[in-house]
Structure formats: structure tokens, C-alpha cells
Amino acid sequence: MTEQRVRWGVLATGGIAAAFTAALVDLPDAEVVAVASRTESSAKAFAERFGIERAYGDWDALAHDADVDIVYVATPHSAHRTAAGLCLEAGRNVLVEKAFTLNSREATELVALAGERGSFLMEAMWMYCNPLVRRLKSLVDDGAIGEVRTVQADFGLAGPFPPAHRLRDPAQGGGALLDLGVYPVSFAHLLLGEPAGIKASAVLSPEGADLQTAALFSWDSGALAALHCSIVGGTGTSASVTGSLGRIDIPDGFFHPERFVLHRDGRDPEEFVLDPADGPRNTLRHEASEVMRALRAGETESPLVPLEGTLAVMRTLDAVRERIGVRYPQEG
């Protein structure tokens, strides 16, 4: 890694890989130097699209490219353990898309491997790096709404998705929970930590993927969270946090908000708006900037997306799946 630029490798060539690469291209201190896919043709097409120098038709070649400072893993969930593990074994730093892995066992293995190698590892939970989400977290931590009583969040897509689609394929970690539900779950974790009690219900597809899931979490403090995710109905992607002295509402797009409203007892509502300098609504650059800051500082994890927090979220997702009866083929 040079003092000025961080050299990125991108593993996978799907939609989220393209979106993140586009964000990297716009950052003056980032350089995408290599891309890998299962097929050379896909890697070459992606490289031509973004002006990337090297295109590999296998993951191992990217993992062993010594000119790559960090690899961004953007495969389906089912391949995160293998892809990220390959890169960590080769001594690369790694950013892994969410959900981090299929289950907490795989997540624990990756965290242990990163620790053994002394490598940086982070879940690509861009919501945690969003300036407005960070501001909301700060307000809650500072007692702006008193003691947190309830958290509500939803994320649903209308679909329909055919049975062969990734979102409905259990072998690829398909279903609403890991792809969409990870956001409401992570939002609740951000504000309250790992829940003490978990209840959940779901509607499953014939293939065994969850089409929609509702969960109720509880904490020893008396706080509750009501969360929902769906791939059969488009929701408002809203969220709210209610405390003993007020509440905060995110009217839409809670995981990449443009604004939220603080309601405090006895005061006029206060609106907080994303600074135009922070970029367009769908930017991923805050996440990339945090990764590069941590690398330059010699950190092996980000304080914004700590590994223990990622492990806690994966334990919670495991618990939800246990309650709704979802098990992936790889788990036996």
C-alpha cells in the first residue's frame, strides 16, 4: 500500500461489485488494479468497463497478487467463507459483503484466520459508515431521546423472483433474511447490541427460502425491536427509534438515509439532512474511505464496523433461522 493510494482487487463481477467499483473509481486515493471472476471472459468484460489493468479467471490468482492491498469480496453469501478465506490465507486484507457469511461458524473462522495472519477484515456494512446514521447513533448515545424503548425497521422488495433466482436459492444463501434482513437486524444491533431474547416467524418458499420474515427482539433493559424483511412485497424501508424522552424517525431508506427527524418532548421537531458534500443517495464511498483510513492507520479492524459486532449479528441471524426453520444445504 502506497502512502497516497490504496490498491484494490475486486472478487466477483455482479451488480454490487460494479456499484462499489464505481465508487472506488471516484475516490482519488483509491485504485482498482485487478478483478477476478470464475470465468476470464466475465473478468475481462468488467476490467474493460472500469479500466482495470489485470483480469483473472480464477480467485486464487487475485488472492496471490502482491500488488493488491485489499480485496473486496462481492460473491453470493454462500461463497464468502471460501473467497475471503482464500484471500486471507494469501496475506491479503479483505472487505466482505454482507451478510458476512452463511452462519456464525463461518464468520468465526474468518475472524480467527484474519487474527492469525494479522490482516485487516471488515464486513461491508456501509450503513454503519453513513454520516447521517453515525449522527443518529451519536444522538441516541448522548441521551437525546432518553433510554431506548423500541426500534422498528423494515426492508422489502416487491419481486417477484423466480425459483432459480439467487434470492430464492438456498444453496446461495437465498431468502429475505440474509440479503435484506441483515439491515434491520444490524440497525437494531447498532443501537442496542445483541438481543437477549429472539422470536421470529416466516413464510417459506417451496425451496425452503424465507420469502418474508418478522422478528421480535428483546433486551434485559426492557427494550424491544420489531423487524421485518421481504422479497414478496416492497416496503417503505423506514425505521424509528423511540426512547423515554422522544423518538427519531427515518421516513425511508433507513440504511442510506438522506434525512431523519428528531422528536423531543416539549420541543419542535428537528430535521437532520445529509450534507450535499457527502455524495448521492447510493454512495458507497464512505465505507471505502473508512477501510482505507484503517489500513493507513495500521488497524486490523474498523471501530465503525467492529468484528465482534459482525459476529453478534451472525449469531442473531442464526437464531432467527433456527426459529423459522431455514437451513442451507451446506450446513447438512
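Here are some questions and answers on this predicted model.

Q: How many bridges join strand E12 to strand E13, and which residue in E13 is the bridge partner of Ile248?
A: Strand E12 covers residues 246-250, and strand E13 covers residues 259-264. The two run antiparallel, and the number of bridges joining them is 4. As for Ile248, look across to E13 for its bridge partner: Leu262.

Q: Which residue in E14 does Val261 stand opposite?
A: E13 also pairs with strand E14, residues 270-273, in the antiparallel sense over 4 bridges. Look along E14 for the residue opposite Val261, and you land on Glu271.

Q: Which residue takes a positive phi in the hairpin of E13 and E14?
A: This hairpin has 5 residues between the strands. The one to look for has a phi near 80°, and that's Gly266.

Q: How many disulfides are there?
A: A disulfide is a covalent bond between the sulfur atoms of two cysteines. To count here, the two sulfurs must be within 2.5 Å. The closest cysteine sulfur to that of Cys87 is in Cys129, and at 20 Å it's too far for a bond. Cys129 is in no disulfide either, and the count comes to 0.

Q: Is Cys129 buried or exposed?
A: The cut-off for buried is under 20% relative accessible area. Cys87 has 0% relative accessibility, so Cys87 counts as buried. Cys129 has 3%, so the word for Cys129 is also buried.

Conventions: Residues numbered from 1 in each chain as written. Predicted model: local features only at pLDDT ≥ 70, side-chain atom pairs only at ≥ 80, totals over all residues. Heavy atoms only, no water. Pairing = 2+ DSSP bridges. Buried < 20%, exposed > 50% of the residue type's maximum accessible area, 1.4 Å probe, protein only.
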